[in-house]
Amino acid sequence: MNPTEPLMDAWKKTASQSLEPARKINLFLVDQIAEMTDQQLKTMESYGLLALAQLKKAAEVRDQESAHTFTLSQADFYSNLTKKALMDAREVSQRNQEIANEVTKLLQDAKTEWTAKK
């Protein structure tokens with residue numbers, strides 16, 4: 001047996017225990033980034049589809065009456081678009097707060113574990 005082997009084993013165990021909180025936080029953040037990216041892609045798709053629908057409606061304007069109808073419909077469209085944007089912003093804000101709370105909890109748990117080992 002190598003005389004440094006017990007020392008290396010103890011160092012590995014200590015290093016592993018010390019890095020565990022960072023590993024937990026990193027895994028949590030990677031999962032959250034993946035979920036947020038997925039949500040952002042879905043949100044971008046929905047806005048893109050709304051824009052395409054409006055372009056199609058604009059392309060259907062043929063005369064003064066259809067132009068008038070299209071113009072009137074724009075007030076509803078922008079009202080709904082604003083509501084959607086506010087709702088999406090609230091969801092992102094809420095999600096960010098949940099992430100911050102979870103990271104704070106993970107850091108608190110790590111601190112408690114570290115303090116208990118001393």
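1. Helices (H or I, at least four residues) are DSSP runs, numbered from the N terminus. Helix H1 (5-59) and helix H2 (64-117) each supply at least two residues of the lining of the largest pocket.

2. Basis. The model is predicted: local features need pLDDT of at least 70, side-chain atom pairs count only at pLDDT 80 or more, and totals for chains, interfaces and linings use all residues. Residues are numbered from 1 along each chain as its sequence is written, and side-chain values use heavy atoms, with hydrogens and water left out.

3. Pocket. Its volume is about 200 Å³. A pocket is an open set of points on a 1 Å grid over the protein atoms alone, where a 1.4 Å probe fits, with protein on both sides within 12 Å along at least five of seven lines; lining residues have an atom within 4 Å of a point. Met36, Gln39, Gln40, Thr43, Asp88, Glu91, Val92 and Arg95 line the largest pocket.

4. Core. The largest nonpolar core has five residues: Ile25, Phe28, Ile99, Val103 and Leu106. H2 gives the largest share, three residues. Such a core joins buried Ala, Val, Leu, Ile, Met, Phe, Trp, Tyr and Cys residues through side-chain atoms within 4.5 Å. Buried means under 20% relative accessible area, exposed over 50%, partly exposed in between (1.4 Å probe, protein chains only).

5. Aromatics. There is one aromatic pair. The ring centres of Phe77 and Tyr78 lie 5.1 Å apart with planes at 75°, so the pair is edge-to-face (centres within 6.5 Å, planes over 60 degrees apart). Phe77 is buried at 16% relative accessibility; Tyr78 is partly exposed at 47%.

Methods. Grid points are joined across faces, edges and corners, and a volume is the space filled by probe spheres set on the points. Rings of Phe, Tyr and Trp (its six-membered ring) pair if their centres lie within 6.5 Å; planes under 30 degrees apart count as stacked, over 60 as edge-to-face and the rest as tilted.
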